[in-house]
Amino acid sequence: MQTDTVVYIIISGLLALVLALFQYIFKSKKTTKIYWFLAFLRFVSIFSVLLLLINPKFDKMSFYDEKPNLIIAVDNSESISYLEQSDNTTRLIENIKQNEQLNDNFNLKFYTFGKSINSTDSLAFNDKQSNIALLFDRLSEVYNNSISPTLLITDGNQTYGYDYEFMTNRYKQAIFPVILGDTTTYTDIKIQQLNVNRYAYLKNKFPVEIIATYNGNIAVDTQLKITSGNTTVYSKPLNFSKSQSSQIVNLNLPANRVGVGSYRAEIIPLNNEKNTINNVKNFAVEVIDQKTNVAIVSDIMHPDLGALKKSIESNEQRNAEILTSVNFLKQSNDFQLVIAYQPTNNFRLLFNEIDRLKLNKIVIAGTKTNWTLLNQLQSNYSQEVTNQTENFQPSANQNYSTFIVDDLNFEAFPPLQSEFGETKFTVPFETLLFKTINGTQIEEPLLSTFEINDRREALLLGEGIWRWRAQSYLDEKSFNTFDNFIGKLVQYLSSKQRRSRLNINYESFYNGNDNVKITAQYFNKNYEFDANANINIILSNRDTDKTITYPFVLKNANYQVDLSGLEAGEYTFTVKTSDGTISKSGELKILEYNVEQQFLNANVAKLESLASKSNGKAYFIDNTDSMISDLLSDSRFATIQKSSKKVVPLIDWKYLLALIALSLAMEWFIRKYNGLI
């Protein structure tokens with residue numbers, strides 16, 4: 001309490017005392033006990049009111065114990081049951097839950113992980129993949145500012161994601177791996193990796209690369225076979241020894257038929273092999289008879305050009321070539337789509353050639369665009385020429401219905417730079433992205449598409465799209481989402497098909513561990529997106545003739561169905577509305593492959609390295625008693641007593657208000673009883 005406050009309290013006490021004595025002793029000239037008691041009550045009332053006006057503040061200290069967290073993260077992938085460790089894992093979790101000392105010393109937090117992270121202790125060991133790095137990434141967001149030792153119960157075999165061994169740079173907690181499995185070395189031959197392109201072109205050959213590895217001490221002979229159906233299309237003998245433990249086989253297979261071709265690569269197992277599942281890998285290649293060639297035409301150098309080329313060519317069905325306007329005119333017949341990047345004075349002949357060949361195009365405008373010329377070269381839109389630039393951020397149009405657009409979190413993307421001023425369209429158009437200035441969306445298109453005279457065109461009013469691709473990588477740790485967005489735009493503009501009321505987006509084949517998701521859009525007769533439609537997909541397995549029906553679920557501006565639980569095989573499907581008036585059919589294949597069954601042992605070396613780097617300790621599943629005692633005796637994880645200081649103003653003290661009311665009531669009652677009022 002401050003000195004000034006103490007002085008005010010003393011003055012208040014003296015003032016209250018003087019007023020009370022003046023009224024009941026000095027003024028009445030009486031000194032009976034009743035008057036002295038009334039003077040006391042008046043003193044209490046006046047002094048309490050003055051205290052409330054001064055409102056002094058008091059420090060209130062409270063003490064509490066803070067227990068450290070104990071994070072128990074359990075591998076819920078199929079490899080745990082495949083290594084016959086599911087029962088051991090379940091028993092360990094129950095022992096941890098029932099251990100009274102652990103519960104007294106720690107706040108127990110249970111998580112399971114596989115392809116995703118879940119805050120639960122429910123185990124099924126059915127996740128198709130495991131991403132241990134993602135676990136540490138998520139835990140670091142929650143527990144880095146606390147004491148939270150972590151039990152990592154896993155076999156250490158990660159199927160995708162960053163190398164978790166180095167995640168200790170981000171996750172600042174001691175990690176105690178509980179290793180599920182053993183260190184026994186088994187003789188094993190497996191296909192470590194198989195590399196093949198997703199697409200091939202008719203009457204060409206496509207390359208296949210197979211990396212085969214051997215774990216053993218004696219020399220062995222075996223054979224690699226690649227079959228398609230009942231036909232062997234390739235065969236080669238393989239020889240392994242302790243010194244020659246791997247071989248790389250490169251081969252070329254013919255693409256003779258349009259469509260999806262399925263293949264099976266197999267290394268003939270040894271007599272004493274324990275795991276023969278990893279001797280086989282299925283793969284597929286879609287054979288197409290044409291390739292979309294895209295011309296990116298620009299007379300200036302800009303990083304957008306490289307970003308567009310990379311995004312377009314991420315799909316092997318497409319080829320992109322960066323050309324000047326002069327070079328394009330020499331080979332204009334080779335392309336199905338033109339991207340006119342920031343048209344300048346040399347683009348007059350280019351636009352004439354595009355019109356002559358009736359090619360679709362994307363026009364990208366920026367700070368170097370000659371809008372005076374561009375306004376003359378076409379009549380579909382015009383830009384107000386101000387010779388000033390502005391930064392525009394994108395905002396997605398949720399009602400865009402021309403094709404399915406995935407949510408890329410456009411609002412968080414960096415701004416594009418272009419001409420300041422209004423863009424007026426003279427033809428019907430659809431806005432894919434709106435302009436946003438300083439966080440305010442304006443009803444002007446940043447990216448739009450339109451169709452006129454059986455030709456399709458897109459207009460992007462901004463340069464700097466390379467930053468979008470970079471931001472997508474920072475957000476997703478992959479370029480795939482952005483590249484898919486550009487790919488869909490290119491696919492729409494390069495297609496000659498008429499617009500349909502029902503559009504379906506799917507792949508021709510999926511690997512066994514992929515997410516199998518099909519998206520669809522449905523429009524009414526006015527080609528407006530219908531969010532109230534009932535759409536179903538009817539799947540038929542060609543091998544078993546089993547038919548299953550799944551409903552589509554509305555998600556943002558499209559419908560989606562998740563078929564990830566389907567067994568491997570060939571499927572035909574029909575997507576149709578509930579009234580059956582509109583439908584579309586297709587085919588897809590799901591390849592048989594389970595990455596979680598490729599392992600024979602726990603990854604002991606990596607888990608022990610992880611423990612060492614994080615100042616923890618690794619344990620095998622059979623030695624968990626010492627693990628619990630080590631955690632309880634570790635001084636780093638002791639319960640900490642903390643204090644909390646709270647400043648409490650006197651006006652919040654309810655008892656003082658009660659004291660004022662009581663003293664005033666008693667004073668009035670005594671005066672009334674003794675006839676003083």
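Helices (H or I, at least four residues) and strands (E, at least two) are DSSP runs numbered from the N terminus, and two strands are taken to pair if DSSP finds at least two bridges between them. Lys225 stands opposite Glu266 in E13.

A further open sheet consists of 3 strands in the order E7-E9-E12, with antiparallel pairing. Strand E7 (188–196) and strand E12 (246–254) are at its edges and have a single partner strand each, so one side of each lacks a neighbour in the sheet. From one strand to the next, the twist averages 25°. E7 is joined to strand E9 (residues 205–215) by 8 bridges, and the two run antiparallel. Ile191 has Ala212 in E9 as its bridge partner. In general, the strands of a sheet pair through backbone hydrogen bonds, either parallel or antiparallel.

The helices supply two packing examples. The axes of helix H2 (residues 33–54) and helix H15 (residues 654–673) come within 9 Å and cross at roughly 150°. Axes here are lines fitted to C-alpha atoms, for helices over the stretch in contact, and angles run from 0 to 180 degrees between N-to-C directions. H2 and H15 are therefore roughly antiparallel to each other; angles under 35 degrees count as roughly parallel, over 145 as roughly antiparallel, 65 to 115 as roughly perpendicular and the rest as oblique. Their crossing is left-handed, a term for a near helix turned anticlockwise from the far one by less than a right angle. In the contact (heavy atoms within 4.5 Å), the residues of H2 include Phe37, Leu41 and Arg42, and those of H15 include Leu659, Met666 and Glu667. The contact residues divide into 13 nonpolar, 3 polar and 3 charged. Ala, Val, Leu, Ile, Met, Phe, Trp, Tyr, Cys and Pro count as nonpolar, Asp, Glu, Lys and Arg as charged, and the others, Gly among them, as polar.

Helix H11 (residues 465–476) packs against helix H12 (residues 480–494) at an angle of about 135°, with the axes 7 Å apart. H11 and H12 are therefore oblique to each other. Ile465, Trp468, Arg469, Ser472 and Glu476 of H11 meet Thr481, Phe482, Asp483 and Ile486 of H12. This contact comprises 4 nonpolar, 2 polar and 3 charged residues.

Salt bridges (a side-chain nitrogen of Lys or Arg within 4 Å of a carboxyl oxygen of Asp or Glu) number 21 by this rule. One of them joins the side chains of Glu78 and Lys128, at 3.1 Å from N to O. Glu78 lies in helix H3 (residues 78–82) and Lys128 in the loop between strand E4 (117–118) and helix H6 (132–143), so the pair ties together parts that are 50 residues apart in sequence.

Residues are numbered from 1 along each chain as its sequence is written, and side-chain values use heavy atoms, with hydrogens and water left out. Because the model is predicted, local features need pLDDT of at least 70 and side-chain atom pairs count only at pLDDT 80 or more, whereas totals for chains, interfaces and linings use all residues.
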